[in-house]
Amino acid sequence: DDTTVVGRITDGDESEYRSEIDRLTKWCQHNNLALNTSKTKELIVDFGRSRMGTHSPVYINGSMVERVKNFKFLGVHISEDLSWTQHTDAIIKKAHQRLYFLRRLRRVGLSRRTLSNFYRCTVESMLTGCIVAWFGNLSALERKRLQKVVNTAQSIIGSDLPTIEGIYRSRCLKKAASIIRDPHHPGHTLISPLPSGRRYRSLKTVTSRFRSSLFPTATGLLNTTTSK
């Protein structure tokens, strides 16, 4: 159904990226599949001096692919600058809509356990979808806004709920453990143990964006956990 092509443009050389698109187009033609160009979007993430205007448009079967500044992928709103304001706005709006039903269920006298289960299934699952990919780079304000939703649900239910920060940390550790166990994972070598075997090698980071992403964060959490 939905297909995604991810390519890296190095030093302005787009040949590999465009050849990957050509290969996909030819594969679809050979397998009697039609690409709907009108629904196809291109998103370019470029933090260099060159901006989006310098990249030539992509054509599929003679039709130009629309270039967008943000796109919803697997429930996550991805922006060209990798900021997450649009994503947090979207999930907070949906969360408030679902809190309405949580209030209605409380009014009919459902138990706290049932209310907590409803919250986790309909609100928490949506607030924390793919959280390891985006939460680390949220601003302090965006984190407070997300936690405010949890606090509201907590007051409705009348019992404690896991914090957003706590869920993020536990998911990072769980993801890191999965990557460590899988030697074929593309990021397996990024979480490597030191010779002592008791701690993991810290990754060298230059930008705050990378420093707050999954692998450096997971490594730090692993080292904190093992030192206790």
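Analyst: Let's begin with a term we will need soon: two residues are in contact when heavy atoms of theirs lie within 4.5 Å. Helices (H or I, at least four residues) and strands (E, at least two) are DSSP runs, numbered from the N terminus. The model is predicted, so local features need pLDDT of at least 70 and side-chain atom pairs count only at pLDDT 80 or more, while totals for chains, interfaces and linings use all residues. Residues are numbered from 1 along each chain as its sequence is written, and side-chain values use heavy atoms, with hydrogens and water left out.

User: Which pattern do the helices and strands follow along the sequence?

Analyst: There are 8 helices and 6 strands in the protein. Reading along the sequence gives α-β-β-β-β-β-β-α-α-α-α-α-α-α. The C-alpha trace spans about 60 × 50 × 35 Å along its principal axes.

User: How many of the residues count as buried?

Analyst: A residue is buried under 20% relative accessible area, exposed over 50% and partly exposed in between, using a 1.4 Å probe and protein chains only. By that rule, 30% of the 228 residues are buried. Contacts give another view: among those between residues at least 6 apart in sequence, 59% join residues at least 24 apart.

User: Let's look at one helix. What span should α2 have, and what span does the model show?

Analyst: The expected span of a helix is 1.5 Å times one less than its number of residues. For the 23 residues of α2 this gives 33 Å, and the end C-alpha atoms are 33 Å apart, which agrees.

User: Which residues of α2 are buried, and what do they pack against?

Analyst: First, the general idea: an α-helix has 3.6 residues a turn, so residues three or four places apart point the same way. In α2 the buried residues are His 87, Thr 88, Ile 91, Ile 92, Ala 95, Leu 99 and Leu 102. The elements they pack against are β6 (76-79), α3 (112-127), α4 (131-134) and α5 (140-157). After α2 comes Gly 109, with a positive phi near 90°.

User: Where is Arg 104 found, and which side chain does it join in a polar contact?

Analyst: Arg 104 belongs to helix α2 (residues 85-107). A polar contact is a pair of N or O atoms within 3.5 Å; within protein, one must be able to donate a hydrogen and the other to accept it, and residues adjacent in sequence count only if both atoms are side-chain atoms. The side chain of Arg 104 has such a contact, of 2.7 Å, with that of Tyr 100. Arg 104 is partly exposed, because its relative accessible area is 43%. In sequence, Arg 104 and Ile 156 are 52 residues apart, yet their C-alpha atoms are 10.0 Å apart in space.

User: How many aromatic pairs does the structure have?

Analyst: A pair of aromatic rings is described by the distance of the centres and the angle of the planes. Rings of Phe, Tyr and Trp (its six-membered ring) pair if their centres lie within 6.5 Å; planes under 30 degrees apart are stacked, over 60 edge-to-face, and the rest tilted. The whole structure has 3 such pairs. In one of them, the ring centres of Tyr 100 and Phe 101 are 5.3 Å apart with planes at 75°, so this pair is edge-to-face. Trp 134 and Phe 135 are also edge-to-face, because their centres are 6.2 Å apart and their planes at 65°. Both Trp 134 and Phe 135 are buried, whereas Tyr 100 is partly exposed at 41% and Phe 101 is partly exposed at 47%. Ring pairs also link Trp 134, Phe 135 and Tyr 168 into a cluster.

User: How do strands β5 and β6 run, parallel or antiparallel?

Analyst: Two strands pair if DSSP finds at least two bridges between them. Here 4 bridges join β5 (residues 70-73) to β6, and the strands run antiparallel. Lys 72, for instance, has His 77 in β6 as its bridge partner. The hairpin has 2 residues between its strands, and Leu 74 takes a positive phi near 50° there. Leu 74 counts as exposed because its relative accessibility is 69%.

User: Which phi does Asn 61 have?

Analyst: Asn 61 has a positive phi of about 55°, although it is not a glycine. Asn 61 sits in the loop between β2 (59-60) and β3 (63-64), and at 52% relative accessibility this residue is exposed.
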